[in-house]
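Good morning, and thank you for coming. May I ask you to look at the sequence and the structure on the screen before I begin?

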Amino acid sequence: MGWDSREGFLLEFSCFLGVTTSLHTELNALGYGINQCVARGFLDLHLEVDLLSLVRIISGDYACPWRL
């Protein structure tokens, strides 16, 4: 779900990702969401994820078990 700086609704999506791990699902959803925002011209993004291991992979603290 996306909001602008005035907390106005911008974008929401859902998609089927198959049967997979929570880390893989969160990573796919993050990538899909970023692609959707860029495609719509939303380039100044503030991202939030709720999986600490994904945050640590993105920040470089953990190695990812597959290629991002």
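I shall describe the chain as a whole, then its helices, and then a few individual residues.

This is a predicted model, in which local features need pLDDT of at least 70, side-chain atom pairs count only at pLDDT 80 or more, and totals for chains, interfaces and linings use all residues. Residues are numbered from 1 along each chain as its sequence is written, and side-chain values use heavy atoms, with hydrogens and water left out.

Let us start with confidence. The term pLDDT denotes the predictor's confidence in each residue, from 0 to 100. The average for the chain is 80, and 81% of the residues score at least 70. Among the elements, helix 1 has the highest mean, 87, while strand 1, residues 2–3, has the lowest, 55.

Which elements does the chain contain? It has two helices and two strands, in the order β-β-α-α from the N terminus. Here helices (H or I, at least four residues) and strands (E, at least two) are DSSP runs, numbered from the N terminus.

Next, the surface. The chain exposes about 5,500 Å², of which carbon and sulfur atoms supply 54%; such areas come from the Shrake-Rupley method with a 1.4 Å probe, and for residues only the protein chains shown count as cover. Of the 68 residues, 16% count as buried. Buried means under 20% relative accessible area, exposed means over 50%, and partly exposed lies in between (1.4 Å probe, protein chains only).

Helix 1 comprises 18 residues and spans 25 Å from its first C-alpha to its last, close to the 26 Å expected at 1.5 Å a residue. That expected span is 1.5 Å times one less than the number of residues. The buried residues of helix 1 are Leu23, Leu27, Leu30, Gly33, Gln36 and Cys37. After helix 1 comes Gly41, with a positive phi near 85°.

Why does Gln36 count as buried? The reason is its relative accessibility of 18%. The C-alpha atom of Gln36 is separated by 8.9 Å from that of Phe13, 23 residues apart along the chain.

Finally, consider Cys64, in the segment after helix 2 (52–58). Cys64 counts as partly exposed because its relative accessibility is 21%.

Thank you for your attention.
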